[in-house]
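The following exercises concern the contact between two protein chains. Please work through each task before reading its solution.

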There are 2 protein chains.
Amino acid sequence: MKIKNCLSPFVVLALTFNLTATHIQKTPDISELDITPKKIDQLGITNPDKLSAASKRALMWPDDLSSEWFFEYNVYDLKGDLAYEEGVVRRDPSALIKHSGKYYVWYTKSVGPRDGFGGDISKEKVFPWDRSDIWYATSKDGLTWEEQGLAVPRGEPGAYDDRSVFTTEIMEWEGKYYLCYQVVGGDYVVRVKNEVGLAWADSPDGPWTKSKEPILSPADNGIWKGEEQNRFIVEKKGDFDSHKVHDPCIIPYKGKFYLFYKGEQMGEEITWGGREIRHGVAIADNPKGPYVKSEYNPISNSGHEICVWPYNGGIASLITTDGPEKNTVQWSLDGINFEIMSVVKGAPHAIGINRTIDPEEEPLAALRWGLTHQYMNPDYQYIRGFKTRRIIRHVAAGAPGTK
Amino acid sequence: MKIKNCLSPFVVLALTFNLTATHIQKTPDISELDITPKKIDQLGITNPDKLSAASKRALMWPDDLSSEWFFEYNVYDLKGDLAYEEGVVRRDPSALIKHSGKYYVWYTKSVGPRDGFGGDISKEKVFPWDRSDIWYATSKDGLTWEEQGLAVPRGEPGAYDDRSVFTTEIMEWEGKYYLCYQVVGGDYVVRVKNEVGLAWADSPDGPWTKSKEPILSPADNGIWKGEEQNRFIVEKKGDFDSHKVHDPCIIPYKGKFYLFYKGEQMGEEITWGGREIRHGVAIADNPKGPYVKSEYNPISNSGHEICVWPYNGGIASLITTDGPEKNTVQWSLDGINFEIMSVVKGAPHAIGINRTIDPEEEPLAALRWGLTHQYMNPDYQYIRGFKTRRIIRHVAAGAPGTK
């Protein structure tokens, strides 16, 4: 990627070509642009016949100037049982739903510090989300929470989920409740392949019935190299989700059920400044499956935790943390082909979205407030609240306003 | 922007068209893509003939997987005279240069709280950077600083810079030193048009000689509406820099001098979630000017403070805070046509870049460490340090590493 300064027109042309191959977003050719006096005026362009590369890109932006897909946010402490508790991990809050006048949230809970992979893995706890179960809590106001107890425990020894169940999402559908979540069975070694489990109940207070088998598994087409427990060394990487299927979230959509998830690949690399993280979707006719992975996967080449909500006949998705499209809100008409609607400065981690707000009120209604988690330290995480605000246009004599 | 869910193919086509007009980045058509087995493999694409919109965009990304344009960062407190001081504003640090074994930095200094625009503007201080002068400090290690005193004071009453001089940048060129900075003359009313001044010296310790006239002024083609001191109400907005010219930074480049600056427009709006902030450049044959604004302005339609450095025969620019291209590092071969090289999670504010490091070592060498400012509260800001790190590829058995 060394491009040397040189004044020869021939070399400059070659350099321009080289640059085209190395930048992260294509600047459109002038022939692709729809240049109107309104847009030139909106973008403060000095001369319509002398367009900088930045102006050419900006001429592709929407001309309604709308901020409805953009947000800023703040986080705050919760009260009651979800306040930080020494020695306890509570993380990865589910979406919020409301039942009998109370908000409900499910989350990963474990106790004690993590030991890492250096010791006796069959006895120790490798990650904060290892040796976890799914617990739940309720609240009248979304701020003060009361822990209600265990919702979905790890399986009995020998079951596919006997090591840990964690990172859950809730779906309410036709009077029934569905929790999908990550599971690990057997020893939690570095190369273990996790899966996705499902539990259902007639009430958000349970009792929960677990699926006999996982509803989603990693692709089986990667090949590890050697016997060392090293996830970066492979003969063949396989599909984008050949190692892990994370952060499952099921959305009822167009008469089917769309299970969005984060894939991790065997032989993961750091690419373009972030982890090689991608999103996929698997689709079923019924809530319990079978879920079939889309042939169009991956549906995002950036992002981390799944955060999706229905809007305007399509599905919106918040993309954070990894990849060149980090910190964007995207939307698709079909749950597959996501377009970038906005770029945000940052976002809360591991969002538990607020499904008690009508998502059709505005594009980001589902993000108006909800839950997130924060690392107190590498061992312990706790659940906090977040609120978003939209920066709106200046009003008469005022400064920039927020909504 | 209401798109209703509908199953008629005709309407779906119309909706797709509508979507094209509203998203922030164009997804390339398949005909524009250079699809190679290597890229398909790199991106973890399941089926090359079933590409999601995200995969189409990702196929435009560079295929070297390099992270050299990407960074993360942390900030830290300084020691000595630049540590936070109650009742004193120190902000907008210049670039760092080295002279006689010491680092030098210049910055905006003022005292006392801000009063806003509600009182007697002729006597009060409207902003933290109002009634400021340019001071400087030196350090042997970049961490502990000794304030050396006043460098460039406000002008005498009646001068074009008699109200405040602030937000400075340093340029060293052929043994001479140049400070460019913002100036306000007369009352600092809401609608005041600021300008850019220049001072030069044979030594970084001064004495400094000020230019008799500003070297850059706002465009003179906007028209305010009414007499109220309201910057949002206009008959005509004028050019992107019709109200303010901010954050000047001069770079010697290709035998000329490129003065990069932030423009603010009369009748500024909130567009796409941020302030209507754009960058321009003005070019001179000599350090003292005259500086002529480029016909290609604006050269960025996003961003806030100017942060530019030479690299590989071109100019690199960090774009933060406002607009859809916020949090990107860009590079141009000509100082005009900037392309997006990376997307970062965030960046230090108002960076004072480190010009003591050879910028050619790697794309982000100039950002390896430097100074930034932070708001202790709306009245008082102080200067802090920052360090960046690059996330590099996984090494053998290790976790993600940083450099």
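**Exercise 1: A salt bridge between the chains**

Task. Determine which residue of chain A forms a salt bridge with B:Lys50.

Solution. The model is predicted. Step 1: a salt bridge requires a side-chain nitrogen of Lys or Arg within 4 Å of a carboxyl oxygen of Asp or Glu. Step 2: the partner of B:Lys50 is A:Glu295, with the closest N and O atoms 2.7 Å apart. Step 3: across the interface of chain A and chain B, the rule finds 8 salt bridges.

**Exercise 2: Extent of the interface**

Task. State how many residues are in contact and about how much area the two chains bury between them.

Solution. Step 1: chain A contributes 98 residues, in contact with 97 residues of chain B. Step 2: about 9000 Å² is buried between chain A and chain B, with 55% of it on carbon and sulfur atoms. Step 3: within chain A, the residues that lose the most area to chain B are A:Trp61, A:Ile270 and A:Trp272, together 10% of what that side buries.

**Exercise 3: Composition of the chain A side**

Task. Identify which element gives the most to the side of chain A that touches chain B, and how the residues of that side divide by type.

Solution. Step 1: the elements of chain A that each supply at least two residues to this side include α1 (9-22), α3 (53-58) and β22 (328-332). Step 2: α1(A) gives the most, with 6 residues. Step 3: the residues of this side divide into 43 nonpolar, 30 polar and 25 charged.

Technical notes. Residues are numbered from 1 along each chain as its sequence is written. Chains are lettered from A and ligands numbered from 1 in the order in which they are written. This is a predicted model: local features need pLDDT of at least 70, side-chain atom pairs count only at pLDDT 80 or more; totals for chains, interfaces and linings use all residues. Side-chain values use heavy atoms; hydrogens and water are left out. Contact means heavy atoms within 4.5 Å. Buried area is the accessible area (1.4 Å probe) that two parts lose on being put together, summed over both. Helices (H or I, at least four residues) and strands (E, at least two) are DSSP runs, numbered from the N terminus. Ala, Val, Leu, Ile, Met, Phe, Trp, Tyr, Cys and Pro count as nonpolar, Asp, Glu, Lys and Arg as charged, and the others, Gly among them, as polar.
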